[in-house]
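Please open the structure in the viewer and keep the selection panel at hand.

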Amino acid sequence: MPELPEVESVRKVLEKSLINQKIKKYNITDKRINRFNNKNPKINGLLCDIKRKGKVLQFKFDNISFLFHLGMSGRLALNSAKNKHTHGVFVFERDILIFDDIRKFGFIKILNNDEVFNHFEKLGPDSLNLTQSNKIQIMQKASRSSVGVKKFLLNQKNISGLGNIYVNEILFLSKINPFLSTFRLNTDSWSTIFSNTRKILKKAIKNNGTTLSDMTYYLPLGDYGTHQNNLLVYGSNICFFCSGKIDKLYIDSRATYMCNKCQR
Ligand SMILES: [Zn+2]
């Protein structure tokens with residue numbers, strides 16, 4: 001958490017408010033959040049665009065960009081009060097953006113636009129916008145790998161934007177066993193995975209993302225996501241398809257929900 005739908009929902013709110021405003025000043029106070037920056041350059045420019053690849057947000061200025069990664073518990077909030085977990089403050093002409101992160105797995109990177117290109121090149125294709133050639137590239141990589149499909153989809157170098165909740169949902173809807181080695185998946189299985197990925201991500205974005213019971217995720221103006229009400233398997237006990245029992249297992253200590261009957 002947060003995964004692609006949450007980051008995209010945050011992006012859409014920020015885009016409406018912040019684009020075409022000048023940044024007046026900013027301050028990143030936490031060393032861990034600021035761990036990739038040697039210097040904090042002066043930026044006096046218009047925010048031209050807010051883009052996203054995978055789970056990373058790019059605030060694009062004339063020659064420089066801020067990249068935000070929300071990690072496990074990062075939040076971007078507009079015009080809200082600072083608190084003890086606020087590690088970055090960005091003052092625009094009309095709005096103030098704050099970056100909070102309780103667990104501090106997130107980061108803020110300040111890069112010139114060429115460096116941003118290199119950063120994004122290292123990430124696999126964005127899971128919301130897969131082209132035919134992206135899909136072929138993913139399938140080729142998968143055919144050479146014996147790693148389990150869940151683990152494969154969570155690796156941001158293979159495909160970017162998916163995290164634990166949505167991978168559980170995608171594999172359940174696709175009726176594919178999360179432990180299955182990727183070299184065993186045929187083209188039909190992959191086309192099911194790709195189409196369900198798009199379907200689930202689109203619906204989750206429409207619902208402004210998933211706010212779990214820990215309530216850590218919310219949108220920049222304070223609203224919560226509602227996709228938790230539409231989850232098919234994550235956190236449930238009973239199978240949506242066969243009414244059998246849902247097992248909760250762990251893969252790399254990430255909770256894995258699956259139906260043994262439906263996901264053979
Ligand atoms: Zn079932």
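Begin by selecting domain 1 (4–121) and domain 2 (132–258), the bounds of which come from an automatic or database domain assignment: each of the two gives at least three residues to the lining of the largest pocket. A pocket here is an open set of points, on a 1 Å grid over the protein atoms alone, with protein on both sides within 12 Å along at least five of seven lines, and lining residues have an atom within 4 Å of a point.

The model is a predicted one, in which local features need pLDDT of at least 70 and side-chain atom pairs count only at pLDDT 80 or more, while totals for chains, interfaces and linings use all residues. Residues are numbered from 1 along each chain as its sequence is written, and side-chain values use heavy atoms, with hydrogens and water left out.

**The largest pocket**

The space in the largest pocket amounts to about 620 Å³; a volume is the space filled by probe spheres set on the grid points, which are joined across faces, edges and corners. Select Val56, His69, Phe107, Leu123 and Gln156, which are the closest to the pocket's centre among its 25 lining residues. Next, show β8 (107–112) and α2 (113–121), each of which supplies at least two residues of this lining. Helices (H or I, at least four residues) and strands (E, at least two) are DSSP runs, numbered from the N terminus. Coloured by class, the lining shows 11 nonpolar, eight polar and six charged residues. In this scheme Ala, Val, Leu, Ile, Met, Phe, Trp, Tyr, Cys and Pro count as nonpolar, Asp, Glu, Lys and Arg as charged, and the others, Gly among them, as polar.

**The second largest pocket**

Which residues lie nearest the centre of the second largest pocket? Select Met1, Met72, Leu212, Tyr234 and Arg254, which belong to a lining of 16 residues. The elements that give two or more residues to this lining are α5 (164–173) and β10 (254–258), and β10 gives the most, with three. The volume of the second largest pocket is about 310 Å³, and its lining comprises seven nonpolar, four polar and five charged residues.

**The cavity**

A search of the whole structure finds one cavity of 30 Å³ or more, and the largest cavity holds about 40 Å³ of space. Select Val10, Leu70, Gly74, Arg75, Leu76, Tyr217 and Tyr218 to display its lining. Strand β5 (residues 74–78) gives the most to this lining, with three residues.

**The zinc site**

Centre the view on the zinc ion and select Cys239, Cys242, Cys259 and Cys262, whose SG atoms are its protein donors at 2.2 to 2.4 Å. Donors are N, O and S atoms within 2.8 Å of the metal (3.2 Å for Na, K and Ca); water is not among the atoms, so sites may look incomplete. The spacing of the donor residues in sequence is C-x2-C-x16-C-x2-C. The site is tetrahedral, with angles of 104 to 113 degrees among the four donor atoms; four donors count as tetrahedral if all angles lie between 85 and 135 degrees.

Are Cys239 and Cys242 buried or partly exposed? Cys239 is buried, at a relative accessible area of 2%, whereas Cys242 is partly exposed, at 29%. Buried means under 20% relative accessible area, exposed over 50%, and partly exposed in between (1.4 Å probe, protein chains only).

Notes. Four donors count as tetrahedral if all angles lie between 85 and 135 degrees; four count as square planar and six as octahedral if opposite donors are over 155 degrees apart and all others between 65 and 115; anything else is irregular. On a 1 Å grid over the protein atoms alone, a cavity is a set of points where a 1.4 Å probe fits but cannot get out, and a pocket is an open set with protein on both sides within 12 Å along at least five of seven lines; lining residues have an atom within 4 Å of a point.
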